Amino acid sequence: MSHASDVRLTEEERAMLAGEAGPAVRKAMEIVVALARIYGARHLVPVESVQVAGVSYKNLGDAGLQFLREWADEGARARVPAFLNPAGMDLQRWKELGIPEDFARAQAAVIEAYTRMGIAPSLTCTPYYIGLRPAFGSHVAWSESSAVSFANSVLGARTNREGGPSALAAAIAGRTGAYSLHLDENRRATCLIEVRAPVRSIADIGALGALAGELVRDGVPYFRGLDLSWTRRPEEALKALGAAMAASGAVALYHVEGVTPEAGLPEILPADVRVLTIHDLTAGYQKLNGPLEEIDLVSLGCPHASLEELGEVARFLAGRHVRTRLWITTARQVREQAERAGIVAQIEAAGGQVVADTCVIVAPVELLGVRSLATNSAKAALYARSHSGLETRFGTTEQCLEAALTGRWRGP
Ligand code: F3S
C-alpha cells in the first residue's frame, strides 16, 4: 500500500490513477478517488457489481450523450458485471407507446454508448428479479435509489447511493471508496420508528414510507411493529417501502425488526436512538394525492413489477376492458416470462400494456399528452409531479385498476 493523500491505494490502483491502464481508466479512478477523499475513505474496496442510472435521454440530454460517447471512445470498459437502469422508452414498442422518433434515436445512441462500455442493457431498477442478487455483506456500487435500498436493506449487501457518473466510474475502475454504508458503523439505526398504524397493502406501505422518509431524511430507520403477515410476498412490500423512503427522503438503508437480515445484529439499534411513532397514515396519503378525478394514465410497476404482480393484474382484468391507458412497467426478462405464462396476452386483451425497459418517470410521458396519473407507487406519485408536472392519484392496486376501467378515481 502507498498513499495518495489520505486515501491508501494499492500499487495497481496507483498505476491505474497514473494512466498506465489508459485515459478512460485514469478518468474513472480520478472520480472514484476524489469521492473517496471527499467522504473520508481510508481505502478503496472492489465491487462485485454495478448498477448504472442516468440512462434516459429525457434526463441526460445531448450533453450527457456526448459525455458517454467520449468516455466510450477513450476505451472505457466495465471491469465488473454492470447493468443499466430503465431508459426513456420500451426498446421494442416505443412507436406503439407514441414516443417521438428523434427521442427514440437519441435514446438508442445512449444505450449504444453504454453497451460499448460493456454495461448490460438490462434496463431495470429491479435487477434482483433477473438474477442479480448480491450476497449478504458483499460490496457493490448501485445507483437507482430503490435498488440501492433493496440491496442494502433486504439483501444485506453494501452500497452507497451512487450517482450515474460515479457508478459508471466504479464499473470502469472496478472499485469504490470504502465510506458511508460500506462500513459497519454507518449501518446502525439513527432512529427507531414504532409503527402503530395498521398497514395492510402496498399503498399503505407507500404512505408509511412517504412519511418515514420525510422524517428520517438520509438517516437509517429501524422499524418496530411493522407486520407483513398480510402479504405472501413480503419482498414486494419491502421494495415499495424502500422506494418511497428514497423518494420522500434520501434513505438508502433501513431495518425491519424480525424481517431484514441486519435488524437482529448486536448494536444495530443504539440505546440512545431517537424514537418516532407513526399512529396514522392519513398524512402520507394526503401528501401523495391531488384533488384530481379524471385519469389519463394508470401506471403500476414502480419499482419494476415482479412476475407475480403482473399475474395479479391479469387476474383482476379478466373479461374486462380499460378506458384509460394502463402501463405495467417491468424488466424485459420478466416481461418475457410473463409472455410465456400467457399473462401479457391477458393484460393486452383488456387493453393494458406491459411495458419493458422504462417507466412512467423516466419516459417522456408529458410528450405523450398525459396530464394525470393514478399509481399504487408512492415514489411514482412523488416524482410524476416533480419530474413530469403530472397531477397524481395514489391508492391501492385495486383502486388504480378500477380507475383504469372507468377513467375516474373513486375513493378518498
Ligand atoms: Fe424504477 Fe422508474 Fe420507479 S426507475 S423505481 S420504476 S421511477
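The model is a predicted one: local features need pLDDT of at least 70, side-chain atom pairs count only at pLDDT 80 or more, and totals for chains, interfaces and linings use all residues. Residues are numbered from 1 along each chain as its sequence is written, and side-chain values use heavy atoms, with hydrogens and water left out.

Let's begin with the overall layout. The protein is assigned domain 1 (11-183), domain 2 (188-286) and domain 3 (289-406); such bounds come from an automatic or database domain assignment. Between domain 1 and domain 2, the C-alpha centres are 27 Å apart.

The size of an interface is often given as the accessible area lost when the parts come together. Here domain 1 and domain 2 bury about 1,400 Å² between them, and 59% of that is on carbon and sulfur atoms. Buried area is the accessible area (1.4 Å probe) that two parts lose on being put together, summed over both. In domain 1, S153, V154 and R161 lose the most area to domain 2, together 33% of what that side buries.

What about charges across this interface? The rule finds one salt bridge between domain 1 and domain 2, a salt bridge being a side-chain nitrogen of Lys or Arg within 4 Å of a carboxyl oxygen of Asp or Glu. Elsewhere in this account you will meet R116, whose salt bridge with D73 has its closest N and O atoms 2.8 Å apart. That pair links distant parts of the chain, with R116 in helix 5 and D73 in helix 3 (residues 57-73), 43 residues apart. Helices (H or I, at least four residues) and strands (E, at least two) are DSSP runs, numbered from the N terminus. The side chains of E235 and R133 also meet in a salt bridge, at 2.6 Å from N to O, and the total count by this rule is 29 salt bridges.

Next comes the ligand. Around it sit P86, C125, E144, S146, G301, C302, P303, C359, I361 and K379, each with a heavy atom within 4 Å of it. Because domain 1 and domain 3 both give residues to this shell, the ligand lies between them. Strand 12 (residues 297-305) provides the largest share of the shell, three residues.

A cis peptide bond joins C302 and P303, with omega about -15 degrees, and P303 lies in strand 12. L123 has a positive phi of about 50 degrees although it is not a glycine; L123 is found in the loop between helix 5 (101-116) and strand 6 (141-142).
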